[in-house]
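Have the sequence and the model open side by side.

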Amino acid sequence: MEVAALETRCDMIDSSLMSHRRKFLQSLAAPAAAAAFPTIVKASALGLEGAVPPSDRITLATVGVGWMGGGHVDEFLKLPAAQYIAVCDFDETHLTQAKSKIDLKYGNQSCAAYHAFEELFSRRDLDAVSIAVPDHWHGMVATAAARAGKDIYCEKPLAHNFAEGQAMVMEAHRHNRIWQTGSWQRSVENFRRGCELVRNGVAGRIHTVEVGLPAGHTDFAKTALQTEVTAPPPTLLYDRWLGPAPEAPYCPARVHKNWRWNYWYGGGQLMDWVGHHVDIAHWGLDFDNSGPSEVEGSGDFPPRDALWNTATRYKITCKYPRDITMIIAGGYPEIRSGTKWIGSNGWIWVDRGKFETSNPEWLKPEFDAGPVHLPKSPGHYAQFLECVKSRQKTLTPSEVALHSATPGWLGNIAMFVGRKIRWDAGAMHILDDAEASKLLRRDMRAPYQLG
Ligand SMILES: NC(=O)c1ccc[n+]([C@@H]2O[C@H](COP(=O)([O-])OP(=O)(O)OC[C@H]3O[C@@H](n4cnc5c(N)ncnc54)[C@H](O)[C@@H]3O)[C@@H](O)[C@H]2O)c1
């Protein structure tokens, strides 16, 4: 019997038997089975020419196919180890675009389109999901995915707020899920190498880290003037888009991409970038399971009731173990964009496409940094798929993302209450400040709850 026919037959079997199906088809690809069917089974049909047989691919869906989710689709479609079976969004236009892209690539109409992630996650033939919804939805979607037994690639920052991030980590662990966070800089060579230099003590004892992030509000969707309240477009399930955030009138400047400039949905430039450059700062310092003990900050804010109300300029100072001070700033030109570790023997600075050190020798490929090596990645999306198969930890599991985002959440809280926050990084709570502690979480609009 030809493999294609076998696959059709197997597709009719209940999806709970998917793993048996994979094993069965894998066994056909084994040399012994190939010998048993020497004239019938072509190597190309079994994926023996570098391709992955369909039966052995990781079935995948993306939830939230706007800007970044569209990027997920592009990147996962390049990887033979993945097989898209569905996309999900509240916006019909985004949904149709993503489905068309996937169907075009596969030459069929098979990609399913969902509005409700709950319905999507009930599919038993779905192995993994990538999540690129606005931050205010991360907690709801990711915990549901973990409970449904899906492996998860979830965008940074981990969550809208600390409490939801903590719940996500707990659910991912409770259900034994593989988790990659979209802090993709860990998969890029100059960031990895910069961190490796720091870890090996090349710059001596690090005492200061400067993290430069953007300031202001980027008008991504050119909607700055579109604050006039109108009826939502019929193509958008607007009340679902608001989800756990409070009811609010629709206007274009509130939703797609620009949601990050309102604290109900995002956390401003600070939270938009904390999962990149602070994440790298932590990686270099080996603080993936650590955090600051004190955080203070100041910022410039629009009026509280403005639609775009996140800080436009900010400076956060964090005290870390080993007597290290980290300054996270947006709108302070003396703090360069990216991550700069400053030590007793010099400095190391990395940014996207940039890498400089106080001693140019350290940049040479032949320079021996020392015995500590950080893992080289095949690419952030590919590394996730590899880990789904191997069940090994990814470069950015959920608990790492929780620690990377925490200085940002605490920085915002310190700015809101206008005083220094003391943080117990082991127990992960704010010390002796009830008002600040309340801001680690938010109330969700009924009937939404994390479950
Ligand atoms: N890693 C990176 O470099 C990077 C870059 C940009 C954005 N991001 C992150 O990606 C996420 C998405 O950001 P964006 O700029 O693409 O936003 P976006 O507004 O462009 O897209 C979000 C999409 O999600 C949909 N959506 C909202 N709630 C949903 C839900 N519960 N179920 C299904 N669909 C839902 C929206 O309709 C929209 O189409 C954010 O967490 C952001 O921080 C990461």
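**A walk through the model**

The protein has 14 helices and 15 strands. Keep in mind that this is a predicted model. Of its 451 residues, 43% count as buried. Take the contacts with a separation of 6 or more: residues 24 or more positions apart account for 71% of them.

Start with the sheet. Nine strands form an open sheet with mixed pairing, in the order E13-E12-E11-E7-E10-E9-E8-E14-E15. Strand E13 (354–357) and strand E15 (429–430) stand at the edges. Each has a single partner strand, so one side of each is left without a neighbour in the sheet. Further in, look at strand E8 (residues 294–300) and strand E14 (residues 421–424). These two pair in the antiparallel sense over two bridges. Here Glu-294 stands opposite Arg-422 of E14.

Which strands does helix H9 lie across? Helix H9 (residues 189–199) lies across strand E7 (206–213), strand E11 (338–343), strand E12 (346–351) and E13. H9 runs at about 160 degrees to E12. Helix H11 (residues 268–285) also packs on the sheet. H11 touches E7, strand E9 (313–320), strand E10 (324–330), E11 and E12. The direction of H11 makes about 155 degrees with that of E7.

Now turn to a helix pair. The axes of helix H8 (residues 162–174) and helix H13 (residues 398–417) come within 10 Å and cross at roughly 175 degrees. Angles over 145 degrees count as roughly antiparallel, and H8 and H13 are therefore roughly antiparallel to each other. H8 contributes Phe-162, Gly-165, Gln-166, Met-168, Val-169 and Ala-172 to the contact. From H13 come Ser-398, Glu-399, Leu-402, Ala-405, Thr-406 and Trp-409. By class, this contact of H8 with H13 has seven nonpolar, four polar and one charged residues.

Next comes helix H12 (residues 380–390). Its buried residues are His-380, Tyr-381, Gln-383, Phe-384, Leu-385 and Val-388. Arg-391 follows H12, and its phi is positive, near 65 degrees.

Finish at the ligand. Of the 29 residues around the ligand, Gly-64, Gly-66, Trp-67, Met-68 and Glu-155 come nearest. Helix H4 (67–77) and helix H7 (135–147) are the elements that give two or more residues to this shell. By class, the shell has 15 nonpolar, seven polar and seven charged residues.

How values were computed
Residues numbered from 1 in each chain as written. Predicted model: local features only at pLDDT ≥ 70, side-chain atom pairs only at ≥ 80, totals over all residues. Near = placed C-beta within 6 Å. Helix = DSSP H or I, 4+ residues; strand = E, 2+ residues; numbered from the N terminus. Nonpolar A, V, L, I, M, F, W, Y, C, P; charged D, E, K, R; others polar. Buried ≥ 20, exposed ≤ 12 C-beta atoms within 10 Å, placed from the backbone. Pairing = 2+ DSSP bridges. Contact = placed C-beta atoms within 7 Å. Axes fitted to C-alpha atoms, helices over the stretch in contact; angles between N-to-C directions. Parallel < 35°, antiparallel > 145°, perpendicular 65-115°, else oblique.
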